[in-house]
Amino acid sequence: MPSRTGLAVALFCAIFFYAVFCASSALAQPPDANQMPSVIQVPAEAQPSPHFDATAATNAYLAQIPADKTARSDAYFEGGYWMILWDFLYGAAIALLLLNLRWSARMRDLAERVTRFKPVHTFVYWLQYLILTSILMFPLTGYENYFREHKYGLATQTFGPWMGDQLKWLGVGLVLGGAAVMLLFGVVRRLPRTWWIWGAVVATLFSIFIMLIGPVYIWPIFNKVTRLDDPKIVGPILSMARANGIPAKEVYEIDASRQTTRISANVSGFANTMRITLNDNLLRRGSPEEIQAVMGHEMGHYVMHHIYNSIMFDLIEMVLMFAYLYYGLGWALKRWGEKWKIRGVGDTAVLPLVVLLASSFSFVFTPIDNTATRMQEIEADMYGLNASRQPDGEAQADIHLGEYRKMNPGPIEEFIFFDHPSGRNRIYAAMRWKAENLQLFIGQQ
Ligand SMILES: [Zn+2]
């Protein structure tokens with residue numbers, strides 16, 4: 001890269017950092033401004049009675065959210081729709097910049113000067129590519145993951161620790177991304193005609209590998225993961241696990257509050273590496289009923305083999321994407337390959353073009369991916385209600401999740417943008433379940 005351009009990039013970043021420092025002292029929201037109370041009351045309309053009505057109970061739950069909080073979380077979530085577009089356009093602009101200014105070809109030349117041994121050459125190119133694109137993407141990353149999160153009271157980190165996490169992610173990307181590009185370029189160079197099939201298989205296997213090592217080797221880089229010992233919490237969770245045939249012996253806690261105010265939980269891994277993890281926001285803010293409802297939902301994902309279904313779905317999508325890459329790369333290189341000084345699909349300098357094509361594919365597939373995930377989430381909700389028998393816990397969790405999700409979207413909006421059912425639909429499903437299993441509750445009163 002010419003030093004003039006390097007200087008311009010450095011200056012640009014310095015100005016941006018300065019702006020961030022000035023603005024971070026005047027961030028709009030303190031972390032708890034967005035939050036609903038920890039204990040969400042069961043409203044009178046949702047109490048079990050012979051006149052119980054699911055719609056009235058749903059409306060009564062929703063009415064507990066003050067209008068200003070609804071407006072704020074709607075604005076945050078709808079802003080996220082635009083972020084999908086801006087992320088795509090901004091990333092595409094950077095890819096075109098790297099190609100047209102021949103920075104990508106220059107990074108390849110530099111990597112060749114270091115070594116002609118292909119795998120190491122690929123890694124050296126990746127090192128330059130990742131650092132350069134991270135710097136160029138930084139204004140958007142900073143806005144999206146730091147400013148915007150603080151503006152809506154969802155982030156808990158100050159700039160320094162946040163930047164520290166960003167650098168750690170860069171390290172993770174260097175190692176894991178480096179391994180992925182070395183593998184994939186190896187496949188492309190060895191199998192010039194069929195790489196689009198084998199590339200898809202390798203990419204899918206690699207994502208399974210990441211899923212396996214994530215909870216044990218990647219999460220602890222950013223957060224503290226500890227074993228939960230409190231028998232009041234662990235006991236009911238493990239007995240629910242046994243009742244549902246889940247081979248968990250321990251429950252883990254992750255200190256997500258280090259970065260965010262969001263509540264969440266998950267079941268990760270396969271057979272032997274399988275584990276249940278709750279985040280500390282859920283533990284601190286959720287009622288026991290709410291925690292059980294959330295765990296029932298997560299167990300549903302496990303019991304219904306959603307991980308395997310997702311892997312199959314991803315593999316099909318990956319084959320489609322690689323086929324698109326196969327034709328797209330051939331077409332674009334025939335037209336502009338010479339101008340961009342790219343020698344062919346096995347040339348590392350092609351990477352920005354690969355990223356451009358892949359991101360356009362994912363952009364178009366957004367509603368399909370969201371719908372595939374949302375289907376599983378609907379199933380997990382049903383499973384969770386049957387397993388935990390905590391419809392009010394479910395409604396409480398949905399209200400807490402509503403701090404960063406729009407509760408009441410239109411049907412087309414939900415279809416395109418929601419990877420979970422909307423809060424209103426989830427609460428209604430819980431209240432309908434309660435209405436149809438009222439005998440479980442009326443005896444307890
Ligand atoms: Zn889920």
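The legends below walk through a predicted model, from the whole chain to two close-up views.

**Figure 1. The overall fold has 16 helices and four strands.** Helices (H or I, at least four residues) and strands (E, at least two) are DSSP runs, numbered from the N terminus. The C-alpha atoms fill a box of roughly 80 × 50 × 45 Å along the principal axes. Buried residues (under 20% relative accessible area, 1.4 Å probe, protein chains only) make up 50% of the 445 residues.

**Figure 2. A zinc ion is held by H297, H301 and E377.** The coordinating atoms are NE2 of H297, NE2 of H301 and OE of E377, at 2.0 to 2.1 Å. Donors here are N, O and S atoms within 2.8 Å of the metal (3.2 Å for Na, K and Ca); water is not among the atoms, so the site may look incomplete. Along the chain, the donors follow the spacing H-x3-H-x75-E. H301 sits in helix α10 (residues 288–303) and E377 in helix α12, so this pair ties together parts 76 residues apart in sequence. Both H301 and E377 are buried.

**Figure 3. Helix α5 (residues 118–151) packs on helix α12 (residues 351–388).** The angle is about 60°, and the axes, lines fitted to C-alpha atoms over the stretch in contact, lie 11 Å apart. Look for Y125, W126 and Y129 of α5, which meet L351, P352 and V355 of α12; contact means heavy atoms within 4.5 Å.

**Notes.** Residues are numbered from 1 along each chain as its sequence is written, and side-chain values use heavy atoms, leaving out hydrogens and water. Local features need pLDDT of at least 70 and side-chain atom pairs count only at pLDDT 80 or more, while totals for chains, interfaces and linings use all residues.

Definitions and conventions
Axes fitted to C-alpha atoms, helices over the stretch in contact; angles between N-to-C directions.
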